[in-house]
Amino acid sequence: MKDAVDHLTEALEAAYLEHAEGPDGAHDVHHARRVWTNARRIAEEEGTGDLRIIAAAAYLHDLVNLRKDAPDRHRASAQSGAKASRVLAELGFSEEEIEGARHAIRSHSYSAGIPPETPEARIVQDADRLESLGALGLARAFHVGGVLGRGLLDGEDPFARRRPLDEVAYSLDHFQSKLLKLPEKFQTASGRRMALERAQVLQDFLQTLRTELMVE
């Protein structure tokens with residue numbers, strides 16, 4: 001089974017590299033590989049999910065990548081799902097497998113707001129959101145903020161004690177407005193445990209930043 005899955009992921013990675021639209025430093029083939037690694041670990045710990053469907057969704061979930069500030073950003077996962085369906089048909093996936101992967105791709109997106117209704121979809125959503133936490137999440141948050149032209153932080157009130165949070169203006173605000181709230185939204189017990197561990201990395205960073213900025 002392991003050899004079959006490894007062979008499949010090679011084909012999926014090749015398909016991603018051939019068909020991906022708009023990859024960036026936070027959403028590229030390395031991200032796809034990490035999501036697959038996360039997803040496989042969660043599936044094995046949970047003892048559920050079809051690995052073929054999980055691998056397909058993990059590798060192709062960002063096949064169409066739109067900027068975070070694009071007006072139709074919420075439609076990116078649906079566009080990825082539609083494109084992935086065609087790719088998976090060429091790779092010999094059954095109609096049932098394609099539909100399962102398409103749902104997992106569509107529901108992985110935070111902005112799309114589509115509830116994951118299958119074990120595979122819940123696993124892939126958790127695996128992708130793990131990338132927003134921990135050291136990688138920290139790096140990706142500031143990378144994306146830089147691409148979008150956000151400031152690092154509000155120099156007068158970095159931790160938004162006297163103002164509303166504004167993640168559009170400041171990357172640091174994104175930690176409080178979204179990232180640190182993610183663990184409570186995880187779908188699987190294994191994913192939630194990993195999310196809490198990685199969220200602590202962000203909390204430790206914020207505490208270190210408070211010390212450096214001499215903010216009580």
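1. Let's start with helix 3. Its buried residues are Leu 51, Ile 53, Ile 54, Ala 55, Ala 56, Ala 57, Ala 58, Tyr 59 and Leu 60. That makes nine of the ten residues of helix 3, so the rest of the structure largely encloses this helix. Please keep in mind that you are looking at a predicted model.

2. How does helix 3 begin? A side-chain oxygen of Asp 50 comes to within 2.8 Å of the backbone nitrogen of Arg 52 at the start of this helix.

3. Now step back to the whole chain. The protein chain has nine helices and zero strands. Its radius of gyration is 18 Å, close to the 17 Å given by the globule rule for 216 residues, so the chain is as compact as a globular protein of that length. Along the principal axes, the C-alpha atoms fill a box of roughly 60 × 35 × 25 Å.

4. What about the inside and the surface? Of the 216 residues in the protein chain, 49% are buried. The accessible surface comes to about 10,600 Å², and carbon and sulfur atoms account for 51% of that.

5. In soluble globular proteins, nonpolar side chains tend to be buried together. Here, the largest nonpolar core has 50 residues, and Leu 12, Trp 36, Ile 54, Leu 60, Leu 88, Leu 133 and Phe 175 have the most contacts inside it. Two or more core residues come from each of helix 1 (2–19), helix 2, helix 3 (51–60), helix 4 (76–90), helix 5 (95–108), helix 6 (119–130), helix 7 (134–147) and helix 9 (189–213). Which helix gives the most to this core? Helix 3 does, with nine residues.

6. Leaving aside its neighbours within four places in sequence, Ile 54 is in contact with Trp 36, Ala 39, Ala 43, Gly 49, Glu 120, Ile 123 and Val 124.

7. At 1.5 Å a residue, its 18 residues (29–46) should span 26 Å, and its end C-alpha atoms are 25 Å apart, which agrees. At the start of helix 2, a side-chain oxygen of Asp 28 is within 3.1 Å of the backbone nitrogen of His 30. Just after the helix, Gly 47 has a positive phi of about 70°.

8. Is His 108 buried or exposed? This residue of helix 5 has a relative accessible area of 6%; the cut-off for buried is under 20%, so His 108 counts as buried. Its side chain reaches the backbone oxygen of Ile 105 at 2.6 Å. Not counting residues up to four places away in sequence, His 108 touches His 61, Asp 62, Ser 77, Val 124, Gln 125, Asp 128 and Arg 129.

9. Finally, visit Leu 180, in the loop between helix 8 (173–177) and helix 9. Leu 180 is partly exposed, with a relative accessible area of 22%. Beyond its neighbours within four places in sequence, Leu 180 is in contact with Phe 175, Ala 199, Leu 202, Gln 203 and Leu 206. Leu 180 and Leu 130 are 50 residues apart in sequence, yet their C-alpha atoms are 11 Å apart in space.

How values were computed:
Residues are numbered from 1 along each chain as its sequence is written. This is a predicted model: local features need pLDDT of at least 70, side-chain atom pairs count only at pLDDT 80 or more; totals for chains, interfaces and linings use all residues. Side-chain values use heavy atoms; hydrogens and water are left out. Helices (H or I, at least four residues) and strands (E, at least two) are DSSP runs, numbered from the N terminus. The expected span of a helix is 1.5 Å times one less than its number of residues. A polar contact is a pair of N or O atoms within 3.5 Å; within protein, one must be able to donate a hydrogen and the other to accept it, and residues adjacent in sequence count only if both atoms are side-chain atoms. The radius of gyration is taken over C-alpha atoms; the globule rule is 2.2 Å times the number of residues to the power 0.38. Buried means under 20% relative accessible area, exposed over 50%, partly exposed in between (1.4 Å probe, protein chains only). Accessible areas come from the Shrake-Rupley method with a 1.4 Å probe; for residues, only the protein chains shown count as cover. A nonpolar core is a set of buried Ala, Val, Leu, Ile, Met, Phe, Trp, Tyr and Cys residues joined through side-chain atoms within 4.5 Å. Contact means heavy atoms within 4.5 Å.
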